[in-house]
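This briefing is intended to be read beside the sequence and the coordinates.

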Amino acid sequence: MPVPTSASPPPAEPEKLRVNGVVREVYVPPLAPPVRTGSLAEIPFDNAREDPDAVVLSRKCPVRAADRPGPGPGAGRPGDGRADGGRTGGGWTGSGRHLPGTGPGRRLLPLGRARTGSGAGAGAGPGSGPGAGSAGRPGDWQDVTATAFAAEVHAVAKGLIAHGLRPGDRLAIMSRTTYEWTLLDFAAWAAGLVTVPIYPTSSAFQTRWILQDSGAVACVVEDAHQQWLIGQERERLPGLAHLWVFDGGAVETLCAAGADVPDRQVAKRRTGLGPESVATICYTSGTTGRPRGCVLTHGNFFAEVDNAIELLYPVFKSADAAAAAEAAGAAHATDGTDTTGTTGNARTTGTTDTETTATSDRAGVTSDPGSAPGDAGSAGAPRTAGAAAPGAGLSTLLFLPLAHVFGRMVAIGCLRARVRLGHAPSLKTDDLLADLATFRPTFLLAVPYVMERVYNTARATAERMGRAASFDRAAKVAQEYGEATEAALRGTGPGPALPLRAARALYDPLVYRRVRAALGGRVRHVICGGSPLGRRLTAFYLGAGITTFEGYGLTETTAAATVIPPHRPRMGTVGPPLPGTAVRIADDGEILLRGGQVFGGYWDGERGEAVLPHGPGDSSRTEPTGENASGWSDGWLATGDLGSLDEDGYLTLTGRKKDVIITSSGKNVIPAPLEDWLRAHPLVSQCMVLGDNRSYVTALITLEPEGLAHWRLMKRKQHIPMRALADDPDLRGSLQRAIDEANRLVSRAESIRRFRVLPVDFTEEAGHLTPSLKMRRQAIARDFAAEIESLYRA
């Protein structure tokens, strides 16, 4: 099942249906042919056969137990900040070179040369290949070739078979974003199993519910804390026969157990799978009720991933993009600067005003919107088009949870396209910055919060240096440059004028390169989803040399259903349908979806099969809950989201049907635009707009810790207690100005009249957020009922 290798497919023209002159339905033909045979389990083995020495992953070199913080291996909790994720090192070395099925099951391949992240070439390309044998220092990145990964997948799959797991059995995985997560995912498929992701932050009750509902017979967790968490519920889980711990040597244990299993058993399990076979049961986070398991097939993932690879060719396939990022990385690494970034408490040395660009700014609009003028991709930069296979030299560092279908889809896409994939388990600012600086990816997968935080912290750094006004001018230039670039690509403008290009060239070494350095120095594209990024930040990043591809999708659609295509930006939208997908707008504004990536139904634990929502025999509740889709309407998936299509078939989101506020005067208010705008403010962590059956609209606001710490430092108010700070006039004044800006998006009847600053943040632990950080509105309204009532007292 080789992935197509066209360099840059012509954009498929959407087919549109108008009703009364308004576009109500759009279909974009697929760019990739449908997969008729095989499964995701074949991807590692196809890679090993077709390009055995290709570097498909990089993993952290092991850190010895004595070097880890805390009492020893497995003692940490999720999010404890260990940059290595608590990995053990057994089975990482060896001297043999055995293709899957041709050698001893215990022996794993040497992984290749380590990357240290220092020097111009660090993180820029494959090491010296299998057999190079340099173990690397703890914390270094070590390359994994296609052959080595396939061998390890094969060995672990045999271990799962040896433990008695049968085709179709469910294997749960509960871990942060690690190499082992992806390894077990593919090994489970190779053994004919169905994987069940569990968020590493899930409570004991949530974990038990998913294990019970899915009927999981085995579970792999990351550390001793998660093992203890499930241990509390073990008596209620009679069907759970196996519990392995990554930090306890789960991979090594499985490989050893499968040493005597014949290779043909894995081959038989693999050939028993097809596109229609169930690949995973991926549970939604459940904003108002229990999570529901979305049954996704191998064919769902192929329809999603293959079309995404073809559409987003600068991300997954373009040799030019890789050469551009490499040239930029080399220039940055050799100018004597520190690339630790500009966020959090990391050092900012080396990002002074003496930085210089590698080349001069180029007139006009770049051929790749992700190429920064004055950076790689400009005229005269080295290009290696055609010198490498698609995906060669491209890479990403994945830090979003693999329990979320968004991260999972990109991980599978990287393996499918042979784009080097790394994993970052810790989301602590300093840990993530260190991983980005050493791995130095060419593209990232992110949610808007990450991009907002990079921008806000960069500005805070400039303000501490007394250069806030300079940063603001640079931001304005970048936004104008991005807007002009978009207009040129759309054919509605001439592109950035000469004075704007000159201003952009001036600020590139002073501001924009620092922003890029915070993301590793080589990033030129970001795939962004989860919530709208907003036109202002989209334009800023485009002007700063980073193209964002915003998209929209659900767990039920195997991630993206729409996405912004390369060279056809439309800020403020989430793009046209992904090729092979159709979008329809119902009479009430609800978004309906159809395509090969749309799931077959929710898991029915009692029947042990998928059932369509609202379909015959569906034993689930008949009303939509949380972020779950509403159901099916004449063969279309009703999403529960509201939106509209423009004349070119681009989708704009407006909110959730269930979140619509109806005031006492009968005015419909959609809270999402106000909430999204305010959450982008550096002082705001969360915002919940209120007003149902009330005479006016109000809001609860929680504060962003890092933004607040910076504000207190600049205002010299570090001594004021948090509860008193919630009513501080200066703080409220800053927030009121942000609310005034947000209110410009809506009519006066929809505007926020009053707000309350809460002394605590909404957290998953308190039950106010889901594992994917969506607000549980009912829980928040219940726990802060007194504060809400105070907003409506005279």
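Two strands are said to pair if DSSP finds at least two bridges between them. Helices (H or I, at least four residues) and strands (E, at least two) are DSSP runs, numbered from the N terminus. The model is a predicted one, in which local features need pLDDT of at least 70, side-chain atom pairs count only at pLDDT 80 or more, and totals for chains, interfaces and linings use all residues. Residues are numbered from 1 along each chain as its sequence is written, and side-chain values use heavy atoms, with hydrogens and water left out.

**Strands 12 and 13**

- Strand 12 (residues 395-398) and strand 13 run parallel and are joined by four bridges.
- Within this pairing, L398 stands opposite H423 of strand 13.
- From strand 12 the chain passes through helix 11 (residues 405-417) to strand 13 in a right-handed β-α-β crossover; right-handed here means that, with the strands pointing away from the viewer, the path from the first strand over the helix to the second runs clockwise.
- In strand 13 (residues 420-423), R420 and G422 point one way while L421 and H423 point the other way, and all are buried. Buried denotes under 20% relative accessible area, against over 50% for exposed and in between for partly exposed (1.4 Å probe, protein chains only).

**Salt bridges**

- The structure contains 41 salt bridges, each defined as a side-chain nitrogen of Lys or Arg within 4 Å of a carboxyl oxygen of Asp or Glu.
- One of them joins the side chains of K158 and D263, at 3.0 Å from N to O. Because K158 belongs to helix 2 (residues 146-162) and D263 to helix 7 (residues 263-271), this pair ties together parts that are 105 residues apart in sequence. K158 has 2% relative accessibility and therefore counts as buried.
- E222 and R176 form another salt bridge, with their closest N and O atoms 3.0 Å apart. This pair links distant parts of the chain, 46 residues apart: E222 is in the loop between strand 8 (218-221) and helix 5 (224-232), and R176 is in the loop between strand 6 (170-174) and helix 3 (179-190). Both E222 and R176 are buried.
- D508 and R504 also form a salt bridge, their closest N and O atoms being 3.0 Å apart. Both residues lie in helix 15 (residues 498-518), four residues apart, which is about one turn of the helix. D508 is buried at a relative accessible area of 1%, and R504 is buried at 0%.

**Nonpolar cores**

- A nonpolar core is a set of buried Ala, Val, Leu, Ile, Met, Phe, Trp, Tyr and Cys residues joined through side-chain atoms within 4.5 Å.
- The largest such core has 135 residues, and those with the most contacts inside it are F149, L160, L171, L184, W244, F316 and Y541. Helix 2 supplies the largest share of this core, 10 residues.
- Residues up to four places away in sequence aside, F149 touches P44, V56, L57, V144, Y179, T182, L183, F186 and L415; contact means heavy atoms within 4.5 Å.
- A second, separate core of 26 residues includes V684, V689, A699 and V746.

**A468 in helix 14**

- A468 is found in helix 14 (residues 468-490) and is buried, with a relative accessible area of 15%.
- Residues up to four places away in sequence aside, A468 touches R459, A462 and E463.
- A468 and A458 are 10 residues apart in sequence, and their C-alpha atoms are 9.7 Å apart in space.
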